[in-house]
Amino acid sequence: MSSNSRWTYATLDTVSQIPDHVLSSCSDHIHYLQDLKRSWDVLRVPQFYLDYEPFQLNIWNSWRFNAILVQSLLKLIESDLTIISDAELSAQSPFDLVPNFRLSTERHRPGVKYEYQDTQWSSSFMTFCQVSQILRYQDHEAVAECTIATALEGLPSAYVRRENLAVQFDGVASNSLADDLDCALLYTPIAPTKPYSFERLRNVPINPLNPALVLCMKGPARWVDDSSPPRDLPTILHSLADTATGSLVSLMTAWSATRRQQASLPRWATLIGIIYDSETIHFVAHIPYLPPDHTEPQFLSVLFDTLPFPASGESAECLRHRYRVALAMLCIQHHVLRVISIWEGTEWQLFQGGSQAQEEPHTPTPSEPDSDDVILSGVYAESDNSCSDVAPRFYETEVVRCWLDNVGLEV
């Protein structure tokens, strides 16, 4: 089934039925998705999640209550958990498939420190809060929205957008493509430093320089307090794919702009879609590829896992389902970090002007009176360094140049 000739749709169980040219182009990506799905098969939990003394934590009382509650809930399913020691966690890379439980950080409380006798705790507190929300979520759609958005927060060079979403790749913002979006995780390499840049960030559309890394939509099963008409899953999958198209083109452009001698995308170069409702959560991979003898990219949408995510329930089985969803979201965080590295490479070339440049890129600070101007225009400004023939600047590629021209920005 396909709503667009450039898209092919499948699940992991049906990928053998897709056309041969699609399968041959995307086989490495499909193997990666199988590995990613297996990464949350085992219910891993850090040792200190079960061993810490909540009253020794230097945190607010409300958060201490959450810590006690989460520890109590996990101990109800302790026999199903695989305990991971601090030493094992410390040895893990943030680019591993399995979570290290310390990738995300609190974005809006940079001055707050949490002291605990185990150093793993202080670096894992944001992740703990994300796990906590998934375990405690009950019944309401608004709580589910907050839970999913929070689970994507705190990643480097990424920002969750929930309101006034738009998609802008041809110079005209399309609200219709974003109408069905619940939230989107956008690539944002430069953090805002002043009120004007914060305002810009709150309204920035999904675009070639701020592409989507994760897209979230509501699924067919409605909540008790939701009176909106349900939509079937195939329609949602097609809507998700349509919204992802521009960001996938940006991904391919960024990859080819800086890694011209590597023809194929890495196997993890996929944009994740999350579809959740009152019963389940679906994980969808959107894979770009360039078939032989084609000049236009094609795309594959693969629904690669569906997990129970009940809106209510207090049984041990429900807790196991919830904790598996929490692990899956943490694994998605690590996946996003890998995908971000594609654009990070383009940003290096953008600021440095070539792979051999040594000068550090300038980072604006709040003390600089024109820091907002630097943030708004710096990523489009010409570098003093000359561009390498091997690695052209990302903004000089046709897709970005066209977008910049249409929205009235000059480079």
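User: What makes R320 and D80 a salt bridge?

Analyst: Keep in mind that this is a predicted model. The closest N and O atoms of R320 and D80 are 2.9 Å apart, and the cut-off is 4 Å, so the pair counts as a salt bridge. R320 sits in helix α10 and D80 in the loop between α3 and β3, so this contact ties together parts 240 residues apart in sequence.

User: Why is D305 called buried?

Analyst: Its relative accessible area is 9%. Buried means under 20%, so D305 gets that label.

User: And how do you know that D305 pairs with K37 in a salt bridge?

Analyst: Their closest N and O atoms are 3.9 Å apart, and the limit is 4 Å, so the pair qualifies. That links strand β9 with helix α1, 268 residues apart. K37 itself is partly exposed, at 31%.

User: What about H29, buried or exposed?

Analyst: Buried: H29 has 5% relative accessibility, and the label needs under 20%. H29 is found in helix α1 and touches, among others, L265, P266 and I287.

User: Why are β1 and β4 called edge strands?

Analyst: The open sheet runs β1-β9-β8-β7-β6-β5-β4, with mixed pairing. β1 and β4 each have a single partner strand, so one side of each is left without a neighbour in the sheet.

Note on methods: Residues numbered from 1 in each chain as written. Predicted model: local features only at pLDDT ≥ 70, side-chain atom pairs only at ≥ 80, totals over all residues. Heavy atoms only, no water. Helix = DSSP H or I, 4+ residues; strand = E, 2+ residues; numbered from the N terminus. Buried < 20%, exposed > 50% of the residue type's maximum accessible area, 1.4 Å probe, protein only. Contact = heavy atoms within 4.5 Å. Pairing = 2+ DSSP bridges. Salt bridge = Lys/Arg side-chain N within 4 Å of Asp/Glu carboxyl O. Lists of a residue's contacts leave out its neighbours within four places in sequence.
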